[in-house]
Amino acid sequence: MTEVLRASVAPSPVTGAAVGVVDGRSAVFALLPELEDLGRSAATPLTARSAWLRAELVADAAVRPWAVTVRSGGGDLRGVAVLLPRDGVHVLGAGGDGYLGGVPVADHAAAVVLGEALAAEADRRGAALQLGTMPDDDAVRELAEALGADRLAGAPVPALMVGQDRELAAYLSHGTSRTLRKARNRLAADQRDADIRVTRRPADVTAALPSLQRAFRSRDLEHGLDCPLDSPLGLARWRERIRQLLAARYLELVTLTIDGELAAYVLGVRDGGVYGVLEGHFDTAWARYSPGRVLEAAVVAGALADPGVHVVDWMTSAAPETLLAATCSRPVTTLMRRAGARRAAARAASVAR
């Protein structure tokens, strides 16, 4: 086993639970297959599972990760949190860049044990923690209470819950429908050749990366904004996420070309009954034809046509007013814990007595 047992929790809500600490890159990499299995069974967001974490670690070769684990008496992984030291605070390795993270736990009891163990290890390291953004659910609240962390509400993440009607028009506003009609009419009037294609082939996606990168930067460049891909780490993280999600067979690339030129793209991920829109960008040179809207509509229509899809997840809370359609939103929270929080609380209690 790759972990070093630092402490056990007793009495434990999980019979025979053992708590361990995994320290260093090779040890955390070795843990990822187990984390993936637990994440799948616990319905943890894809952004908190092994492909996403592997991409983060490969992109940032200098970071030294560590993790706290909870195992059953038989050695099965029941809970795990992977942390990365960044700018004086230890952050959750999952999620980031506006995406939901998460902490895989088998049940609420494991969340309590993990929270207590994580607090003890953070105090041992003198580490401040920032865990987020995560779904604001019962397990995360119990983790927060056991950890002694503050919960900070964030902007909710929108989603489209698929009802009995699987026609796209049922979910669009009049304004959005009008925009789509106008875009299609302009394409026809200007005699433009528009083509939408879907691929899951790694070679096709890899070949398209330079064009995707240009489209990603297009709007930020036009408005004089910083782009996440402008930094070496940001670019490496973006490329590695694509590579790892492709390798894990989650990712597909949907492109809209106009007269043979890339006008817009969407990176989508399929995880069980959820179709997630990982990102979408358009080249502003083709703005007259609203290519982002046209392609989003095609992507969502494709998801609705798949009887196995029950949710279209927009995956971030960024610019919800610009989304094609949404029927609900998921509350989110970030857990914040200052360094030595438990020790400070113990000292205060001692003084009060």
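This is a predicted model: local features need pLDDT of at least 70, side-chain atom pairs count only at pLDDT 80 or more; totals for chains, interfaces and linings use all residues.
A search of the whole structure turns up one cavity of 30 Å³ or more. The volume of the largest cavity is about 40 Å³. Its lining includes Val80, Ala81 and Val82. Leu35, Ala48, Leu53, Leu92 and Ala94 also line the cavity, as do Gly102, Val103 and Pro104. By class, the lining has 10 nonpolar residues, one polar and no charged.

Now to the helices. Two packed helices are described by the angle between their axes and the distance between the axes. The pair to look at here is α5, residues 174-189, and α8, residues 291-305. These two helices pack at an angle of about 110°, and their axes are 9 Å apart. An angle from 65 to 115 degrees counts as roughly perpendicular, so α5 is roughly perpendicular to α8. The crossing of α5 and α8 is left-handed.

Which residues in α5 meet Arg293, Val294 and Ala297 in α8? On the α5 side they are Thr176, Thr179, Leu180, Ala183 and Arg184. Sorted by class, this contact of α5 with α8 has four nonpolar, two polar and two charged residues.

To put the two sites side by side: the lining of the largest cavity has no charged residues, whereas the contact of α5 with α8 has two.

Key:
Residues are numbered from 1 along each chain as its sequence is written. Side-chain values use heavy atoms; hydrogens and water are left out. Axes are lines fitted to C-alpha atoms, for helices over the stretch in contact, and angles run from 0 to 180 degrees between N-to-C directions. Helices (H or I, at least four residues) and strands (E, at least two) are DSSP runs, numbered from the N terminus. Angles under 35 degrees count as roughly parallel, over 145 as roughly antiparallel, 65 to 115 as roughly perpendicular and the rest as oblique. A crossing is left-handed if the near helix is turned anticlockwise from the far one by less than a right angle, and right-handed if clockwise. Contact means heavy atoms within 4.5 Å. Ala, Val, Leu, Ile, Met, Phe, Trp, Tyr, Cys and Pro count as nonpolar, Asp, Glu, Lys and Arg as charged, and the others, Gly among them, as polar. On a 1 Å grid over the protein atoms alone, a cavity is a set of points where a 1.4 Å probe fits but cannot get out, and a pocket is an open set with protein on both sides within 12 Å along at least five of seven lines; lining residues have an atom within 4 Å of a point. Grid points are joined across faces, edges and corners, and a volume is the space filled by probe spheres set on the points.
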